[in-house]
Amino acid sequence: MDALFDRHQSTLASALKAAQERGYWSAYPEIPSGKIYGETAKDDGLASYNARLAKPFDLPDHPGTGKVGTEVSPFGSALGITYPASDASTLVAASQTAAPAWAIATVKTRTGICLEVLTRLNHLSFEIANAVMHTTGQAFAMAFQAGGPHAQDRGLEAVAYAFAEMTRTPAQAVWIKPQGKAESIVLQKHWRVVPRGVSLVIGCQTFPTWNSYPGLFASLATGNTVIVKPHPGAILPLAITISVIRQVLAEEGFDPNIALLAADAPGAEITRDLVENDAVRIIDYTGSSSFGDWVRKNAGEAKVYTEEAGVNSIVVAATDDFAGMCANLAFSLSLYSGQMCTAPQNIYVPRSGIDTNEGHKSFDDVARGVAAAIDDLLADPARAAGVCGAIANPATLGRIEKARSLGTLIRDSAPINAGDTRTATPLVLGVDADQTNAHEEERFGPIAFIVAVADASDGIVKAASLARRKGAITAALYDTDGTRIEDAVDAFCAAGVNLSINLTGGIFVNQSAAFSDFHVTGANPAGNASLTDAAFVANRFRIVMWRQPKAA
């Protein structure tokens, strides 16, 4: 049963080493190249995706009393795929039936199966990319990277952490306690990893695999059965994932219901029923703070791991590369039309302006520089489509319309000339921090505020305070003053938000690298967990002991 573990042991060893050293490492190449994945991989992936359209999704022996499926691509067409659907109690019962054999499987067996699943998912990266693209609105290149290799890296990272934590305690030991002149007490002690039970993963529409894989694989590796509840608008990427998991489980002699898909329809979601089921012992949730609050209040004794809303901020104090800064900000604001939990919303700029390598720049100069950089980035419609992608949820367009009245218009949002695709470029507004708090609410989508503040220190204080109060996943600073940079590091660390300093070129505040960057800290309202650290996996199981006198 450990053949899969032996097959993938070198990958696991490299992942453990990378997580310890925190340098760059990836198990799964992010470049969608035929030289890496095979010359026909792209065409084969598209063909596999197209073959799934307008028909039932095949999940052999999956519980199902009906069919659901209403996915519509933000690029214009309905997928027409239906999925097996069941009520919450049926899914939980099937999960519980499958649980005992999985719970007593060895750590190596479970780890090996998870590693094999990730390898097979990697081979399906082009198909998954098309599935992610047409359910989320991500452009193909981003869908490939974020939906495929980057998500797989995050899953592998969770498996590696889980393996490290489960093997930290030995399986057995001889315990000898001296008794002076009397004979020593000698006990044989054993320890077993015992999972918590049924795990529920609640997926989001914008990053269905990237946000779901850490919890999914952390729970599987630690012996919990898993029910994955996708967003009704983005079922396919997780259905493919569950299909692969079930296939590997069956091949290895396990009940495939260890992994289940809880597909549902808009307006008839079964999420609440699953959360309230007492058998569900672990919940991973990505989504709005309002529903996150409900999950925490109604999850009973389940351990809840969340990533929720936050307001990400950038403080512009000074720069020695004004053009590079503006270009970097333009890309960060435009990427996937701001539909990322890491996308910046607020840019704090001193009212008196900033010092730059191009001389002093007024507040208006900075605002115009950012707007001009966005215009330059998106001038070519083809490139604009590749950067911005499509709008996943029509409600985002309504949010943009309402936001136009919240400040002085610096740059208006507009659709990209892309046929039936639902698109929007960044809306940039100017506000004064002393006159409004409109910028202190999350405005999910391509909406940004350039916020006037007294000075750079005031911007740091306001951004850090907002992170503490409302949550933030990312923060950034542009500055040339070493002392002020140190003060900002202290302020944002205290606010529990990861800080990027003076990013220009090809690295952006939106990006989070597996094995190096902890995504979310769990230290402010943007989420109570971090992807991926020891705390994210260690409480998904307990260590139980039995002991007895050792025979002579």
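Student: How much area do domain 1 and domain 2 bury between them?
Tutor: Buried area here is the accessible area (1.4 Å probe) that two parts lose on being put together, summed over both. For domain 1 and domain 2, 61% of it is on carbon and sulfur atoms. The total that the two domains bury between them is about 1200 Å².

Tutor: A quick word on the source: this is a predicted model, where local features need pLDDT of at least 70, side-chain atom pairs count only at pLDDT 80 or more, and totals for chains, interfaces and linings use all residues. Residues are numbered from 1 along each chain as its sequence is written, and side-chain values use heavy atoms, with hydrogens and water left out.

Student: Which residues touch the most other members of the largest nonpolar core?
Tutor: A nonpolar core is a set of buried Ala, Val, Leu, Ile, Met, Phe, Trp, Tyr and Cys residues joined through side-chain atoms within 4.5 Å; buried means under 20% relative accessible area, with a 1.4 Å probe and protein chains only. The largest one has 90 residues, and those touching the most other members are Tyr83, Leu216, Phe217 and Leu236.
Tutor: Both domain 1 and domain 2 give residues to this core, so it lies between them.

Student: Is Gln345 buried or exposed?
Tutor: Gln345 sits in the loop between α14 (322–334) and β12 (346–350); helices (H or I, at least four residues) and strands (E, at least two) are DSSP runs, numbered from the N terminus. With a relative accessible area of 5%, Gln345 is buried.

Student: How many of the 17 residues of α6 are buried?
Tutor: Helix α6 is residues 107–123, and its end C-alpha atoms are 25 Å apart. Helix α6 is largely enclosed by the rest of the structure, because the buried count is 13 of the 17 residues.

Terms used
Buried means under 20% relative accessible area, exposed over 50%, partly exposed in between (1.4 Å probe, protein chains only). Domain bounds come from an automatic or database domain assignment. The expected span of a helix is 1.5 Å times one less than its number of residues.
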